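Please prepare a briefing on the side-chain contacts and strand pairing of the model shown below. The points are grouped by topic, and the criteria are given where each term comes up.

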Amino acid sequence: MADLLGSILRSMEKPPTVGDQESRRKAREQAARLKKMQEDDKKQKADFRKQMEKLISDFIQSSSQKRKKFDPMNKLERSILHDVVEVAGLTSFSFGEDDDRRYVMIFKKEFAPSDGELEAYRSGEEWDPQKAEERKRSKELAQREADAAAAQRGPAPEPSPNSNYKQKYSHLIGTVAAKEGAHTLEANKAYGCVPTANKRDTRSIEEALNEIRAKKKMRVMDTGSCGPSGQ
């Protein structure tokens, strides 16, 4: 009985020391701080989203606003704003070089930015429709002038080889082409485009078949005459 009681007492946890109690207290405090930080961060995100939703709603209801530029935001805030804009059915873009100085611009669908407008914002310039139209006309005029100059010059000359092969191989083929020595093919209904003189067998198909049949018949007759005689 004493042994059983001793084993039970030994298996029971010892009361925590002062040091263990202090470590557990600090761990509980740290966990509580972490939980509060997470709750505060979640609340800040929710508050920021509500703020952006209010601004987007006002922007949609405004008949005079076609686009809206926001102040620079961090990456998380920009992602929340882009999400709110997408849900609202608008268009948004981020511009700027440095990550902390990038800003968001939103546009109504019917006033989506052109390529020139986006290029201006990416270059850090303000969009000026009048200047953009002038640049467009200048480019079109320069293109028309280039096309007209190309048309006046006419087609480009065909490239010529660097060396004259007739002179290079004149010791082999001569300086004058031997036209008389060229072989001209004439179409032949029986033999196609191969000259008749080049054919080894000038017989027609019927003649060749008749000759083959005659040779087979002669072999059969020879075989019959050389066979064993009847008893």
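**Aromatic cluster, strand pairing and salt bridges**

F93 is partly exposed, with a relative accessible area of 24%, where buried means under 20% relative accessible area, exposed over 50% and partly exposed in between, for a 1.4 Å probe and protein chains only. The model is predicted, and for that reason local features need pLDDT of at least 70 and side-chain atom pairs count only at pLDDT 80 or more, while totals for chains, interfaces and linings use all residues. Residues are numbered from 1 along each chain as its sequence is written, and side-chain values use heavy atoms, with hydrogens and water left out.

**Aromatic pairs**

- The structure holds 5 aromatic pairs, a pair being counted when the ring centres of Phe, Tyr or Trp (its six-membered ring) lie within 6.5 Å, with planes under 30 degrees apart called stacked, over 60 edge-to-face and the rest tilted.
- The rings of F93 and F107 are edge-to-face, because their planes stand at 70° with the centres 6.0 Å apart.
- This pair links distant parts of the chain, since F93 belongs to strand β2 (residues 91-95) and F107 to strand β3 (residues 103-107), 14 residues apart; helices (H or I, at least four residues) and strands (E, at least two) are DSSP runs numbered from the N terminus.
- F95 and Y121 form a tilted pair, with 5.4 Å from centre to centre and 55° between the planes.
- Here too distant parts of the chain are linked, with F95 in strand β2 and Y121 in helix α4 (residues 115-122), 26 residues apart, and both F95 and Y121 are buried.
- One aromatic cluster is formed by F93, F95, Y103, F107 and Y121.

**Charges over rings**

- The charged end of K69 sits over the ring of Y103, at 4.4 Å from its centre, the criterion being that NZ of Lys or CZ of Arg is within 6 Å of the ring centre and within 35 degrees of the ring normal.
- K108 places its charged end over the ring of F59, 5.2 Å from the centre of that ring.

- Strand β3 is mostly covered, with 5 of its 5 residues buried.
- Y103, M105 and F107 point one way from β3, while V104 and I106 point the other way, and all are buried.
- Strand β1 (residues 67-69) is joined to β3 by 3 bridges, and the two run antiparallel; two strands are said to pair if DSSP finds at least two bridges between them.
- K69 stands opposite M105 in β3, and the charged end of K69 is also the one that sits over the ring of Y103.
- β2 and β3 pair in the antiparallel sense over 5 bridges, and the bridge partner of F95 in β3 is Y103.

**Salt bridges**

- The count comes to 11 salt bridges, each defined as a side-chain nitrogen of Lys or Arg within 4 Å of a carboxyl oxygen of Asp or Glu.
- D47 forms a salt bridge with K43, the closest N and O atoms being 3.0 Å apart, and both residues lie in helix α2 (residues 18-61), 4 residues apart, about one turn of the helix.
- E53 forms a salt bridge with R49 in which the closest N and O atoms are 3.4 Å apart; both lie in helix α2, 4 residues apart, about one turn of the helix.
- E53 is partly exposed with a relative accessible area of 39%, and R49 is partly exposed with 27%.
- The side chains of K54 and D58 meet in a salt bridge at 2.8 Å, N to O, and the two are separated by about one helical turn because they are 4 residues apart in helix α2.
- D58 is partly exposed, with a relative accessible area of 34%.
- E22, R25 and E29 are linked in a network of salt bridges.
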